[in-house]
Structures are given as structure tokens and as C-alpha cells.
Amino acid sequence: MKNVRCLVTGADGFIGSHLVEELLKQGAKVRALVYYNSEGKWGLLENIKNLKSHKNLEVVLGDINDPHFCERLLEDQEIIFHLAALIAIPYSYIAPSSYFQTNVLGTVNLLEAARKAKVKRFLNTSTSEVYGTALYEPMDENHPQQAQSPYAASKVGSDKAAMSYFLSFGLPVTIVRPFNNFGPRQSARAVIPTIISQILSDKIKKIKLGSLKPVRDYTFARDSAKAMIKIALTDETIGKVFNIGVGKGYSIEEIYQMICKLTNIKKEVITDDERIRPEKSEVWKLICSNKNLVDLTNWQPETTFEEGLRETIDYIRENLDKYKPEIYNI
Ligand SMILES: NC(=O)c1ccc[n+]([C@@H]2O[C@H](COP(=O)([O-])OP(=O)(O)OC[C@H]3O[C@@H](n4cnc5c(N)ncnc54)[C@H](O)[C@@H]3O)[C@@H](O)[C@H]2O)c1
């Protein structure tokens with residue numbers, strides 16, 4: 001990666017911020033796209049120590065919904081890691097058009113810009129949510145796609161747009177399909193930070209959650225970032241889809257029990273109807289087959305689920321003031 005010019009969209013977000021950190025560690029020159037805002041904030045990149053003055057980091061503020069901006073953004077870039085997206089499933093129930101706008105058309109703007117800039121690689125970040133509830137497990141890349149939410153449908157659209165640029169124009173596209181991620185800096189829209197922030201808050205007596213049954217396969221975000229980099233550096237991945245996941249599932253109930261044990265705090269759990277997804281939209285189980293990724297790149301997760309939970313608990317404990325555990329964050 002030394003001196004390779006890499007653009008990360010969604011760099012201000014959870015996984016993007018870990019990817020920027022890892023790319024810089026590996027010597028890349030990183031252009032980090034942060035969603036335009038009037039305060040000039042860098043989102044979660046602000047939480048990384050000694051980043052602001054890093055000689056290999058250029059931060060650009062903007063919006064992938066503007067094609068003219070995208071054209072400028074991609075100038076001189078070699079590898080594009082496209083992570084910017086609207087990602088929260090509950091918000092996609094009430095603001096679906098913005099999901100299709102940003103996740104599909106925003107991706108098309110970047111693909112078109114990538115074609116003009118003749119980039120060497122374009123990684124499009126998908127999600128295991130495109131598979132829907134497991135019909136078989138572990139789920140490989142051939143698992144049928146059953147978009148059960150507007151978010152999932154918009155990501156199917158994004159993937160199809162990306163692959164069409166490979167088939168139509170030979171753009172060197174790879175689709176990376178992470179299963180659930182977790183780790184420091186994740187917002188309380190995700191279930192692990194929701195549980196931890198409620199457990200740690202003195203103001204909360206009973207923990208509000210949705211269904212405790214869904215099972216997910218959790219990868220520590222730093223490990224996902226490393227997988228993405230390995231995929232970008234392996235030419236045989238062009239024109240293909242790669243799952244990123246560990247291959248082991250935990251239910252929300254099990255995660256809650258583990259967090260109680262690690263924090264030494266136990267609180268009663270109550271069901272909050274607002275947090276229950278519509279029945280046919282709930283994805284009950286997602287377990288990853290990472291065989292293709294491992295066979296081709298030798299990637300292995302380096303952080304166990306328990307180690308990752310400990311690191312996440314430590315982060316949230318230090319940053320509890322940034323969370324709002326008393327409300328439902330969508
Ligand atoms: N978090 C997970 O468990 C998970 C699992 C599978 C796939 N993914 C995918 O990984 C990617 C990153 O997810 P994340 O968890 O880091 O989400 P995130 O919400 O933390 O990051 C996404 C970032 O995209 C930015 N963004 C949104 N709209 C934009 C726009 N119009 N222009 C520029 N930037 C914009 C946001 O500011 C945000 O910081 C997404 O594509 C998501 O679909 C995430």
C-alpha cells in the first residue's frame with residue numbers, strides 16, 4: 001500500500017474511519033471524504049489521535065449525490081473504497097427515497113467518475129442484509145438475494161450498478177459484502193453500542209431492546225478494514241463478490257449476557273415495541289461463509305468477539321457523553 005493513492009468515501013463513518021486508520025498505517029496516501037457539513041467537522045475521524053496533521057491524509061468535505069463534485073473527488077486516485085451510504089434500517093422505513101438517492105444514484109455518480117479517472121480498483125461496499133434471512137448457512141456469495149428493507153433494496157441496487165460498470169465498461173470493480181461489524185466508534189443505531197451504552201448509563205434502570213432472537217455474525221471493524229485492503233490488492237478479486245465475516249453467530253440475547261458479564265452489571269431487559277421490526281422485514285439469521293475470501297487472500301480475523309467487546313466497552317465508557325442511551329437512536 002506504500003504511497004498508493006486511495007479514496008475512502010464514508011471516511012467520517014464507523015467502518016470508514018477504521019479503514020482510513022489502517023490505510024495510513026500501511027503507508028497509503030489517503031483522500032478521506034467526509035459528508036459536507038457547515039461546521040467543518042470530520043465525523044468519527046475526529047476521534048482518532050494524531051490524525052489531523054498526518055502527512056498522508058487529505059480530508060475533503062462533500063456529497064456523493066453531486067456528480068460534478070464526484071468527478072473532482074476521484075481525480076488522480078488509484079483505489080476507491082466506496083463506503084458512504086445511508087445505513088440504518090429503521091430510518092429507511094421512514095425516509096426510503098433518500099436511501100435510493102444516495103445508495104444507488106450516489107454510487108452511479110462515483111462509478112461514472114471512476115470511469116473517467118481510469119482508476120485501478122473500485123471496491124463497492126455491500127451488506128449481508130441483501131441476502132435476507134438465511135435459507136441455508138453459512139451463507140456464501142451465491143445465496144439468493146431477498147431485500148427485506150428499503151435499505152437492503154438500495155444496496156442491491158448499488159451492487160448491481162457497480163457490477164454493470166464492470167460488465168459494460170471493464171471498470172475494475174469488486175463487491176465487498178461485510179456481515180455485521182462492531183467496535184469502538186460505532187453509533188448506538190447498532191445493537192451492541194445500544195446495549196453497552198444503556199448498561200453503563202447510571203440514568204438507565206431497565207434496558208430497552210427490540211427482539212432478542214436475531215442472530216448475526218460480527219466482525220471487528222479493524223479486521224474488516226484489513227480484509228478490504230487485502231481484496232483491493234488482489235487482482236483476482238476483480239469482477240467478483242466477497243463476503244467478509246467470521247462464520248460464527250450470536251443472538252442479541254447472548255450478546256446481552258456477555259456484556260453483563262464483561263461489565264459486571266446486570267439490568268432487567270424490557271421489550272420496546274418501537275424497536276421491533278415489521279415481521280416480514282426482520283432478518284432472523286445471517287451467518288457468513290468467508291471461504292472465497294480466505295482461500296484467495298489468507299485473511300483471518302485477528303480479534304475475537306470477546307476481545308472486541310472489551311475494546312468497545314472501554315471506548316463507550318470513555319465516550320459515554322457522546323451517546324444518548326435514554327432515547328431510541330435510529
Ligand atoms: N456497520 C455495519 O455493520 C455494516 C455491515 C455491512 C455493511 N456495511 C456497509 O459499510 C458501509 C459503512 O457503514 P458504517 O457502519 O461505517 O456506516 P456509517 O453511517 O457510520 O458511515 C457511513 C458514512 O457515509 C456518509 N454519507 C452518507 N451520505 C453521504 C453522502 N450523500 N455523501 C457523502 N457521505 C455520505 C455518512 O456521513 C457516514 O459517516 C456502508 O456502505 C454500509 O452499508 C456496514
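Me: In which helix is the place of Q198?
Reply: Q198 has its place in helix 6, residues 191-200. A helix here is a DSSP run of H or I with at least four residues, a strand is a run of E with at least two, and both are numbered from the N terminus. The model is predicted, local features need pLDDT of at least 70, side-chain atom pairs count only at pLDDT 80 or more, and totals for chains, interfaces and linings use all residues. Residues are numbered from 1 along each chain as its sequence is written, and side-chain values use heavy atoms, with hydrogens and water left out.

Me: Why is Q198 called buried?
Reply: Buried means under 20% relative accessible area, exposed means over 50%, and partly exposed lies in between (1.4 Å probe, protein chains only). The relative accessibility of Q198 is 2%, so Q198 counts as buried.

Me: What does Q198 touch, apart from residues up to four places away in sequence?
Reply: Contact requires heavy atoms within 4.5 Å. With those sequence neighbours not counted, Q198 touches I204, K206, I207, K208, L209, K267, R275 and P325.

Me: What makes A11 count as buried?
Reply: A11 has a relative accessibility of 0%, and therefore counts as buried. This residue is found in the loop between strand 1 (5-9) and helix 1. Residues up to four places away in sequence aside, A11 touches G16, S17, V20, A32, L33 and L45. The C-alpha atoms of A11 and V34 are 5.8 Å apart in space, while the two residues are 23 residues apart in sequence.

Me: Why is E58 called partly exposed?
Reply: E58 counts as partly exposed because its relative accessibility is 38%. E58 is found in strand 3, residues 57-62. Leaving aside neighbours within four places in sequence, E58 is in contact with V30, R31 and A32.

Me: What joins the side chains of E58 and R31?
Reply: A polar contact of 2.8 Å joins these two side chains. The term requires a pair of N or O atoms within 3.5 Å; within protein, one must be able to donate a hydrogen and the other to accept it, and residues adjacent in sequence count only if both atoms are side-chain atoms.

Me: Why does T133 count as partly exposed?
Reply: The relative accessible area of T133 is 22%, and T133 is therefore partly exposed. T133 lies in the loop between strand 5 and helix 5. The side chain of T133 reaches the backbone nitrogen of W284 at 3.0 Å. With residues up to four places away not counted, T133 touches several others, among them M139, H143, E282 and W284.

Me: What makes helix 1 mostly covered?
Reply: Ten of the twelve residues of helix 1 are buried. These buried residues are F14, I15, G16, S17, H18, L19, V20, E22, L23 and L24. They pack against several elements, including strand 1, strand 2 and helix 7 (221-232). From its first C-alpha to its last, helix 1 reaches 17 Å, close to the 16 Å expected.

Me: Which residues come nearest to the ligand?
Reply: Of the 26 residues around the ligand, D12, I15, D63, Y151 and K155 come nearest; a residue belongs to this set if one of its heavy atoms lies within 4 Å of the ligand. An N or O atom in the side chain of Y151 is 2.6 Å from an oxygen atom of the ligand.

Me: How much of the ligand does the protein bury?
Reply: Taken alone, the ligand exposes 820 Å², and the protein buries 92% of that. Helix 1 (14-25), strand 2 (29-35) and helix 5 are the elements that give two or more residues to the shell around the ligand.

Technical notes. Accessible areas come from the Shrake-Rupley method with a 1.4 Å probe; for residues, only the protein chains shown count as cover. The expected span of a helix is 1.5 Å times one less than its number of residues.
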